[in-house]
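Let's take a friendly walk through a protein model together. Have a look at it first, and then read on.

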Amino acid sequence: MSIYALTTWALESEPEFDANAVSPGVEGFIFTAVFAAAVIVLGFLLVRRIRRSQYRHEVREEIANELAEAQRNDEGTAQAEPDAKPTA
């Protein structure tokens, strides 16, 4: 027998392709839907955490600016007091 004859015989002896035998079926659809829903929920949670972190950062910057301004005002009034002459 030749290689061509063996190849032809092997291809003819294989069963026909059945699309239902290789499809994921209902289980695959359910798994994909649950996975997609989980990714969407995780996305919302991630966005919420990022926003919360950003808001905290902004508030901390505002507090630091207010403290720095208050400290500058305190230093300014402390320096102004020794220079003031008592009136008598």
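## An exposed ring and its partner

Phe35 is exposed, with a relative accessible area of 53%; exposed means over 50%, buried means under 20%, and partly exposed lies in between (1.4 Å probe, protein chains only). Phe31 is exposed as well, at 60%.

These residues belong to a predicted model, in which local features need pLDDT of at least 70, side-chain atom pairs count only at pLDDT 80 or more, and totals for chains, interfaces and linings use all residues. Residues are numbered from 1 along each chain as its sequence is written, and side-chain values use heavy atoms, with hydrogens and water left out.

What do Phe31 and Phe35 form? Searching the whole structure gives 1 aromatic pair, and Phe31 and Phe35 make up a stacked one, 6.2 Å centre to centre with 20 degrees between the planes. Rings of Phe, Tyr and Trp (its six-membered ring) pair if their centres lie within 6.5 Å; planes under 30 degrees apart count as stacked, over 60 as edge-to-face and the rest as tilted. Because Phe31 and Phe35 are 4 residues apart in helix H3, about one helical turn separates them.

The protein has 3 helices and 0 strands, where helices (H or I, at least four residues) and strands (E, at least two) are DSSP runs, numbered from the N terminus. Two helices mark the ends of the confidence range, given as pLDDT (the predictor's confidence in each residue, from 0 to 100):

| Helix | Residues | Mean pLDDT |
|---|---|---|
| H2, lowest | residues 19–22 | 72 |
| H3, highest | residues 25–83 | 91 |

Of the protein's 88 residues, 1% count as buried.
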